[in-house]
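This report describes selected features of the structure shown below, beginning with a pair of helices and ending with the surroundings of the ligand.

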Amino acid sequence: MDTSTKYLGLDLKSPIIAGSCGLTADVDNMVAMEKAGAGAVILKSVFEEQIIYDIKRNTHVFAPTDNYGDSYEYIAAHVADDSLSKHFQMIRDAKKRLSIPVIGSINCFSYENWLTYAIKFQEAGCDALELNMAILPYETSLSADDVERTFSQIINTLRKSISIPISIKVGTYFTDMAKQMQQLSWMGIQGVTMFNKSVQVDIDIEKESLQNASYLSNPEDIYNTLRWVAILSKKMRCDISASTGIYTSDDVVKMLLAGATTVQVVSSLYKNGIDVIAQLNQGLAAWMEKKGYNSLSQFRGKLAVQPNDKASVAMRTQFMKYFAEIV
Ligand SMILES: Cc1cc2nc3c(=O)[nH]c(=O)nc-3n(C[C@H](O)[C@H](O)[C@H](O)COP(=O)(O)O)c2cc1C
């Protein structure tokens with residue numbers, strides 16, 4: 001049974017990827033993921049805020065920056081390099097110990113640092129880079145055009161500046177999801193990861209303060225991703241990696257039928273342990289055998305909205321089946 005696939009131009013033994021999370025900040029975990037049959041690992045993101053925090057802690061910039069005069073820039077750059085160098089050492093260790101692709105991940109807020117970090121991640125030896133573009137339209141002053149322009153600027157700059165494959169990880173807050181994803185796929189990137197699950201904010205009514213709600217997904221969270229993968233997989237010019245709510249091998253099969261090139265698991269690793277990857281691979285192979293498929297390409301995208309079909313018709317048909325019982 002051949003479950004190998006090409007993702008972002010890289011050869012993967014399995015379409016099941018360990019997604020970016022705390023577990024992929026540890027090389028021993030990543031070795032266990034490879035042993036369980038992961039096709040690739042995506043490292044925990046480096047967040048620009050982390051580096052800024054390290055700079056502040058190490059330069060005591062909680063005090064005014066003028067204390068440092070001209071030397072501040074120099075010290076800040078040095079601290080940033082030192083902070084990032086620990087991460088790069090992890091990448092080098094992971095590359096030494098793993099044979100599967102190691103995909104870096106960054107999440108920045110300043111235009112300059114998207115570029116700076118991307119170049120450094122390439123130099124550190126990542127096989128590809130996932131841009132965790134959690135750019136959300138929080139501000140009332142922001143229009144959809146502003147947000148979309150930010151995406152384009154970052155992608156265009158990085159595409160010209162690094163040669164390793166790039167995928168972008170997006171959230172679900174687009175007013176024109178289908179059009180946007182298709183346009184992004186035309187910008188020379190190799191993949192889109194759909195979707196990141198943004199941190200849910202809750203309120204502690206005793207402390208009267210904001211707090212995070214549970215950060216793990218639930219199995220029913222899969223359906224939003226499934227819908228958009230099915231709508232877009234035949235209309236985009238790059239790979240789709242499906243993320244959110246993937247727990248079982250049935251989920252993996254569904255995403256592949258919808259047209260995903262790979263799937264990413266995270267919450268399931270936390271809830272069920274790293275060995276769940278082996279179960280997902282076994283379940284996928286067993287389903288393929290039962291159905292008489294020898295390779296993923298024989299069924300990938302079989303249930304996607306076809307290139308010349310209208311997604312609105314396909315989705316409305318499902319709606320009518322349920323609510324009007326007429327199809
Ligand atoms: C504990 C934890 C840490 C995460 N850290 C990152 C991260 O650093 N970068 C990132 O792109 N996504 C991160 N994510 C999001 C996951 O990669 C994934 O997109 C999301 O959890 C949905 O997938 P799931 O349903 O399989 O959990 C994190 C998720 C969890 C639960």
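## Packing of α7 and α8

In this predicted model, helix α7 (residues 222-232) and helix α8 (residues 249-258) have axes that come within 8 Å and cross at roughly 25°. Because angles under 35 degrees count as roughly parallel, α7 is roughly parallel to α8.

The contact involves I222, L226, V229 and A230 on the α7 side, and D251, K254, M255 and A258 on the α8 side. By residue class, this contact of α7 with α8 comprises 6 nonpolar and 2 charged residues, with no polar ones.

## The buried side of α6

Helix α6 (residues 177-185) has M181, L184 and S185 as its buried residues. These lie on the same side of α6, because the arc they cover around the axis is only 100°.

The elements that cover the buried residues of α6 include α5 (144-161), β8 (166-170), β9 (191-194) and α7.

## T150 in α5

Helix α5 contains T150. This residue has 15 C-beta neighbours inside 10 Å, and T150 therefore counts as partly exposed. Between T150 and I135 the separation is 15 residues in sequence, while their C-alpha atoms are 8.4 Å apart in space.

## Ligand surroundings

The ligand is surrounded by 23 residues, of which the closest are S20, S45, S217, V266 and S267. In the shell around the ligand, 13 residues are polar, 6 are nonpolar and 4 are charged.

Methods. Residues numbered from 1 in each chain as written. Predicted model: local features only at pLDDT ≥ 70, side-chain atom pairs only at ≥ 80, totals over all residues. Near = placed C-beta within 6 Å. Nonpolar A, V, L, I, M, F, W, Y, C, P; charged D, E, K, R; others polar. Axes fitted to C-alpha atoms, helices over the stretch in contact; angles between N-to-C directions. Helix = DSSP H or I, 4+ residues; strand = E, 2+ residues; numbered from the N terminus. Parallel < 35°, antiparallel > 145°, perpendicular 65-115°, else oblique. Contact = placed C-beta atoms within 7 Å. Buried ≥ 20, exposed ≤ 12 C-beta atoms within 10 Å, placed from the backbone. Arc of directions from axis to C-beta.
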